[in-house]
Amino acid sequence: MRKFELIAPCHFGVEAVLKREIDDLGYDITEVADGRVTFLGDEEAVCRANIFLRTAERILIKVGSFPAETFEELYQGTKSLPWEEYIASDGKFWVAKAASVKSKLFSPSDIQAVMKKAMVERLKEVYHVNWFAEEGERFPVRVFLMKDQVTVGLDTTGESLHKRGYRKLTVKAPIAENLAAALIMLTPWNGSRILVDPFCGGGTIPIEAAMMAANIAPGMNRNYLAQGWGQVIGEDIWRDAFEEAGDLVQTDVKPDIQGYDIDDKMVGIARENARLAGVDQLIHFQRRGVDQLSHPKKYGFLITNPPYGERLQDKEELPALYQIIGQRYQALDSWSMYLITAYENAERDIGRKADKNRKIYNGMMKTYYYQFLGPKPKAKKAAVD
C-alpha cells in the first residue's frame, strides 16, 4: 500500500479531540497545529478517516510543502510536486481554497491562479497534451501558507465531513455536526449516562450522541470525492471500510438521550433528522421550555448550545434566559452542565463560575465552552457470591 501524510482540518479549539480520535484509529500523528492534525496512513487510512472521524472537517492527502516568498517561488514549488501521481489526464483540478497567515504572499485569488497555472504546466509535460478537457473526476486542492511555508493538500472528501447526510431540514443558527460531536467528546459522557439538550433545535447534539451510543460511524451513509479516484484508491478498499463501519453498529443499545425545544416546528425537524440518521428510536424529543427543565435521576449531563443573542433585540433577553438556565441546573441532583456560547456574561447570569472553559471558534465566531462539573457517580460494589 502507498504511504501518505494526511491532513485533517478541524474547528479551532478541538484539536485535542481529533488527535485522540486519530490515535484510536491506530495512525501515527506527525503534527498538531491550530485547526488541523497531520498523521501518517495508507489508502485504507484515507477511507477510514473519512468514514470514522467525528470531529474532522475533511481529509487531505499532503502532496508536498515548500518555502515561497514570491509568486515565482510559489509557481516553481507547485510545479515540482508529483501531481500526475494523483490527477488523471481527464481530471478536473483547481485550487479550491487558499489561506495565508504571517506570509508575504497573502492574496488568495492570486495564490490560486499561480498554482493552477503551475499544475497545468506540470501535467501538460507529463501527459504530452496542450489542453485539458477536465471532464473527469474532480481533484480540488487546498493550500495553507504559514510564515512563508506552503503546504499543499488534495481534498479526498468533497462536501465537508460535518455533512453526515441526515440534516435535510434547515433550522436557524444550527451547530455543525462535527462541532456537536466534539462538544460531547470533551465530556465524560457515555451511552450509559443521561444526556439532555434543552435547546436542541434541529436535534444535532442528541443525534450525534445517539450515533456514538450505537457506534454508528458518522460518514458511513455518504459519498466521497476519492471514491472515484481509482488510480489512487481502489474500490475494494472503500468497500471494506464501509463494511467495517456497518459491522460495528450496535442496534440493541437503549441510551437515555433527550432533546427539548420550545418551538413545536423545531421538535418536528429534530425528529425527522433523527429518523434520517437512523437513531429516532434512541432519542426522546419533546416541546418543553428551559423553564420546565427537570429530571428525577442523578448524575446526568446537560450538553447544549443556547441562544447567543446574535440580533440586538435578542440580546436584551439573554440575562433572564441564562438566569433560568442557572436556576434549572441548580435544581438538578448531581448533574454536570456543558454549555457553548458567545454570550460574555453567561457565568454571571448562570450564577456560578465554570469549573473549566475552553475557547472554541464556531466558524469565525469566538465562543466559550463552559464546563460545570457535578460529582461522579459512586462506583457500584461488586456482587458477593
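Two strands count as paired if DSSP finds at least two bridges between them. Helices (H or I, at least four residues) and strands (E, at least two) are DSSP runs, numbered from the N terminus. The model is predicted: local features need pLDDT of at least 70 and side-chain atom pairs count only at pLDDT 80 or more, while totals for chains, interfaces and linings use all residues. Residues are numbered from 1 along each chain as its sequence is written, and side-chain values use heavy atoms, with hydrogens and water left out.

**Figure 1. The open sheet of seven strands.** The strands of this sheet lie in the order β2-β3-β1-β4-β7-β6-β5, and their pairing is mixed. At the edges are β2 (29-33) and β5 (92-101), each of which pairs on one side only. From one strand to the next, the twist averages 30 degrees; such angles run from 0 to 180 degrees between N-to-C directions, with axes fitted as lines to C-alpha atoms, for helices over the stretch in contact.

**Figure 2. The pairing of β1 with β4.** Strand β1 (residues 4-9) runs antiparallel to strand β4 (residues 60-67), and two bridges join the pair. I7 has L60 of β4 as its bridge partner.

**Figure 3. Helix α4 on the sheet.** Helix α4 (residues 108-127) packs on the sheet and touches β5, β6 (138-146) and β7 (149-155). Contact means heavy atoms within 4.5 Å. The direction of α4 makes about 140 degrees with that of β5.

Figure 4. G158 is found in the loop between β7 and α5 (177-185). Is this residue buried, exposed or partly exposed? G158 counts as partly exposed because its relative accessibility is 21%; buried means under 20% relative accessible area, exposed over 50%, and partly exposed in between (1.4 Å probe, protein chains only). Apart from neighbours within four places in sequence, G158 is in contact with R58 and L225. From G158 to P140 the C-alpha to C-alpha distance is 8.0 Å, and the two are 18 residues apart in sequence.

**Figure 5. The whole chain, for context.** The protein chain has 11 helices and 14 strands. Along its principal axes, the C-alpha trace spans about 75 × 55 × 40 Å. Of the 385 residues, 53% count as buried. Among contacts between residues at least 6 apart in sequence, 76% join residues at least 24 apart.
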